[in-house]
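Thanks for coming. Please look at the sequence and the model, and I will go through the parts in turn.

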Amino acid sequence: MMETYYHGSQGDFGTFPGICFTSDDGSAQSYGGILTTIEIDLDELSVKHIELSDDDVRECLDENEWPCDRQSQIDTLIKQGVDAITYRDADESGDTHNCLRLLSAKALTAAE
């Protein structure tokens, strides 16, 4: 089933392993004035959900490091057959939203 996701940016849009999208267009716009919309069928991908507690979200926000911010984390999950991850994210003001992070070439192609 096709789902709609959004990416907010301040400059030119381009996909790359680790790019994030959210199902909330308002949250996406908080990251920048340029809003990109994609349609993606997640049923065609291997998606891993990462559960983050309120404390985990605060720590990620404080440290400015989220799941799969590092290429080594992306590479590890791709080797395990994971195409994308989902988790609860927060913008700079602390407002939370769901995040879809595309990892594999298959996921990036599905988002085009």
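Trp66 and Tyr87 are both buried; buried means under 20% relative accessible area, exposed means over 50%, and partly exposed is in between, using a 1.4 Å probe and protein chains only. This is a predicted model, in which local features need pLDDT of at least 70 and side-chain atom pairs count only at pLDDT 80 or more, while totals for chains, interfaces and linings use all residues. Residues are numbered from 1 along each chain as its sequence is written, and side-chain values use heavy atoms, with hydrogens and water left out.

How many aromatic pairs does a search of the whole structure find? It finds two. Rings of Phe, Tyr and Trp (its six-membered ring) pair if their centres lie within 6.5 Å; planes under 30 degrees apart are stacked, over 60 edge-to-face, and the rest tilted. Phe13 and Phe21 have ring centres 6.3 Å apart and planes at 65°, so this pair is edge-to-face. Trp66 and Tyr87 make a stacked pair, with 6.2 Å from centre to centre and 15° between the planes. That pair links distant parts of the chain, 21 residues apart: Trp66 is in the loop between helix H2 (54-63) and helix H3 (71-79), and Tyr87 is in strand E5 (residues 84-90). Helices (H or I, at least four residues) and strands (E, at least two) are DSSP runs, numbered from the N terminus.

Back to the Phe pair. Phe13 is partly exposed, at 34% relative accessible area, whereas Phe21 is buried, at 2%.

Next, the sheet. Four strands form an open sheet with mixed pairing, in the order E2-E6-E5-E4. Its edge strands, E2 and strand E4 (47-49), each pair on one side only. Two strands count as paired if DSSP finds at least two bridges between them. E5 and E6 are antiparallel, with seven bridges. Asp89 has His97, in E6, as its bridge partner.

Asn98 also lies in strand E6. Is Asn98 buried or exposed? Asn98 is exposed, because its relative accessible area is 54%. Leaving aside neighbours within four places in sequence, Asn98 is in contact with Phe21, Thr22, Ser23 and Tyr87, where contact means heavy atoms within 4.5 Å. Asn98 and Asp24 are 74 residues apart in sequence, yet 7.8 Å apart in space, C-alpha to C-alpha.

Now the largest pocket. Rolling a probe the size of a water molecule over the atoms shows where empty space is left. On a 1 Å grid over the protein atoms alone, a pocket is an open set of points where a 1.4 Å probe fits, with protein on both sides within 12 Å along at least five of seven lines; lining residues have an atom within 4 Å of a point. The largest pocket holds about 400 Å³ of space; points are joined across faces, edges and corners, and the volume is the space filled by probe spheres set on them. Its lining has 23 residues, and Cys20, Tyr31, Trp66, Asp89 and Arg101 lie nearest its centre. Strand E1 (2-9), strand E2 (20-21), E5 and strand E6 (96-102) each give two or more residues to that lining.

Last, Ser9 in strand E1. Ser9 is buried, at 9% relative accessibility. Not counting residues up to four places away in sequence, Ser9 touches Tyr31, Gly32, Gly33 and Ile34.
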